[in-house]
Amino acid sequence: MKLNLAQKLIKEHLVSGEMDPGTEIGLKIDQTLCQDATGTMVMLELEAMGVDQAKTEASAQYVDHNLIQDDHRNPDDHLFLRSAAKRFGLYFSRPGNGVSHPVQMQKLAKPGKTLLGSDSHTCANGCMGMLAMGAGGIDVAMAIAGEPFYVKMPQIWGVKVTGELPDWVSAKDVILEMLRRHDVKGGVGKILEFYGPGLKNLTAMDRHVIANMGAELGATATVFPSDNEIKRFLKTQDREEDWVELTADNGAEYDLHDEIDLSSLEPLIAKPSSPGNVVPVSELAGESIYQSYIGSSANPGYRDFAIAAEIVKGKSIAQGLSFDINPSSRQILTQLVDNGHIASLLSSGARLHQAGCNGCIGMGQAPASGRNSLRTTPRNFPGRSGTKEDSVFLCSPETAAASALTGVITDPRTLEMDYPDIKEPKVDFEKEEGMLEEPIPESEGINAELDKGPNIKSIPKLAPIENNFEVPILLKMGDNISTDEILAGGSRVLPYRSNLQRISTFTFEIVDDTYYERAMKQKDDGGHAVVAGFNYGQGSSREHAALAPRHLGLKVVLVKDFARIHLQNLINFGVLPLTFVNEDDLDKLESGDILQFENVRDNLPNSNEFEVGIKDKDEKIKVKHSLTDRHLDIILAGGIINWIKNKQESGV
């Protein structure tokens, strides 16, 4: 049988199940990554599970999100994460070393391997011929402990690439074109596999940009072949020995098909407040902006910053505009300094920030209220920038730099200059010494103490779901509710990521700022439910978006459908995820209605469909679930932590 590349990667790592789309499979995980906003909980989960050392080939803990140290919480957690990396045998990337995804690509990514990360943009490393997927933190903790990762076998969506990008059009416009065509649900339940003659015109970092924002399509993963370009990239990192050639078989089939002619593309931009709200830049030309922001894992390459520097070189940015430069890694920042590009940016009036996620996650660089922000980041969900009433547009570095000069959204093709020719320089490895700390020997790690600051709190015990219960609906929401709306990021919230009790106070504040108070009143009186439309839980993999509402008494989420990672996070923490049999039944429900559940512990294993009553309305609606037997065991145990403890106590 002729296999495409995604099928080859899955087959090589398959430990359970069959490669039939929609059925559950278990995959061996070779590498993991955690970032600090999610990693603190992962390390606490490893401690709770009694893990001695990582069982993976390589696991890394990065500090890239929570870099602002305006009190003790973030630096305390940095020390905790470093001690945990020693304790469990992980690589540790220090604050300022850069964003996890490009650093993983530079230092650890290997073609042919699987990578699971507690960050939804882990899929970026699919650019390296890897099967790279985002997941909730506890799934990553399980992988570190040597357990398989379970996921429903996706359909493989083949995207044939032809042609060559025109001047002033770059990789960001490729993935924005995919979002223009298919919107934020287009990739749900699918792996995107790019192939074709046009790939020879896309660098490894170009592919990173495209793979990164596969998450915005809702895709399980994005896969590129490991070809001579990946060999070239690994050689620049002094890791050529890690290269193996990996491509689809000639004549391989795909479940779905699409084609992109690179030469036909134009500069594109996503309007507020969704990555799928894409139009040509020319349609918005002339609209004023307050901020132009270049950086993040969605545009992390040397050329992304260098081309912006060349565009503004010898010029001044518009008056009153904030031109924010967020380097993606220390390696790239050093290269930009050595080649004069940082000087060009600063001379133009740019503001230089440390290497990290920064404003992408709302950790600084928040835009002014009522003003437009132009960003090369992957997401523009409401409030993600750190400003509640934000207006964020997503674009390429070319568009961002051109617009910085004019102070309005500008099609970069209208600039009166030649398109810059960027040459990638060599890496000076002496300047990177010690920034990625290697795991210490297992004999030393077992004795390493965890350095816990006062903000780090243990995970409270979670009670299993009852057989019969009634819960009021505290929130009724629409489509595409993101994890940023369920539990915001940013400098106000993320410092409490290791303190569940405190971080839960921010839950759903963007949707309804009375939710926390109402949930607390209901918590000891049986809990509550929320209902919503399509694509509930899109976006970030942060498990706090499931764990915080669970801590506040959330028992049931009833929606039209779920985003993949958030669905698994709800299951992992014992929240019952249900969907409507008849989607129009959402219209019958209102906030305050009381849902009646009977014989739940019997109904769930015996049928995928059952009825739920609406108290005082003398009406019932049909609901369904797609839980596997393993999922059911976890739900009925009250979450995966209880499930693991039960297995340990029973000796299974």
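# Close-up views of a predicted model

View 1. Take cysteine 34: it is in no disulfide, and the nearest cysteine sulfur, that of cysteine 357, is 14 Å away. Cysteine 34 is also buried, at a relative accessible area of 0% (buried means under 20% relative accessible area, exposed over 50%, partly exposed in between, with a 1.4 Å probe and protein chains only). For cysteine 357, the closest cysteine sulfur sits in cysteine 360, 6.2 Å away, and that is too far for a bond. Cysteine 357 is buried too, with a relative accessible area of 8%.

A quick note on reading these views: this is a predicted model, so local features need pLDDT of at least 70 and side-chain atom pairs count only at pLDDT 80 or more, while totals for chains, interfaces and linings use all residues. Residues are numbered from 1 along each chain as its sequence is written, and side-chain values use heavy atoms, with hydrogens and water left out.

**View 2. Cysteine 123 sits in a loop and is buried.** You'll find cysteine 123 in the loop between strand E6 (114-117) and strand E7 (131-134); helices (H or I, at least four residues) and strands (E, at least two) are DSSP runs, numbered from the N terminus. Its relative accessibility is 2%, so cysteine 123 counts as buried. What does cysteine 123 contact, leaving aside its neighbours within four places in sequence? The list is Ala132, Ala211, Asn212, Ala215, Ala221 and Thr222, with contact meaning heavy atoms within 4.5 Å. Tyrosine 302 lies 179 residues from cysteine 123 in sequence and 20 Å from it in space, C-alpha to C-alpha.

**View 3. Helices H6 and H7 cross each other.** Two packed helices are described by the angle between their axes and the distance between the axes. Here the axes of H6 (residues 171-182) and H7 (residues 204-212) come within 8 Å and cross at roughly 25 degrees. Axes are lines fitted to C-alpha atoms, for helices over the stretch in contact, and angles run from 0 to 180 degrees between N-to-C directions. H6 and H7 are therefore roughly parallel to each other (under 35 degrees counts as roughly parallel, over 145 as roughly antiparallel, 65 to 115 as roughly perpendicular and the rest as oblique). On the H6 side, the contact is made by Ala171, Lys172, Val174 and Ile175, and on the H7 side by Asp206, Val209 and Ile210.

**View 4. Helix H4 is tucked in.** Of the 8 residues of H4 (residues 100-107), 7 are buried, so this helix is largely enclosed by the rest of the structure. Those buried residues are Ser100, His101, Pro102, Val103, Gln104, Met105 and Gln106.

View 5. Most residues other than glycine have a negative phi, and most peptide bonds are trans. The peptide bond from proline 272 to serine 273 is cis, with omega near -5 degrees, and serine 273 is found in the loop between strand E13 (268-270) and strand E14 (278-280). Serine 296 isn't a glycine, yet its phi is positive, near 90 degrees. Serine 296 belongs to the loop between strand E15 (291-295) and helix H10 (302-312), and is buried at 1% relative accessible area.

Methods. Disulfide = S-S within 2.5 Å.
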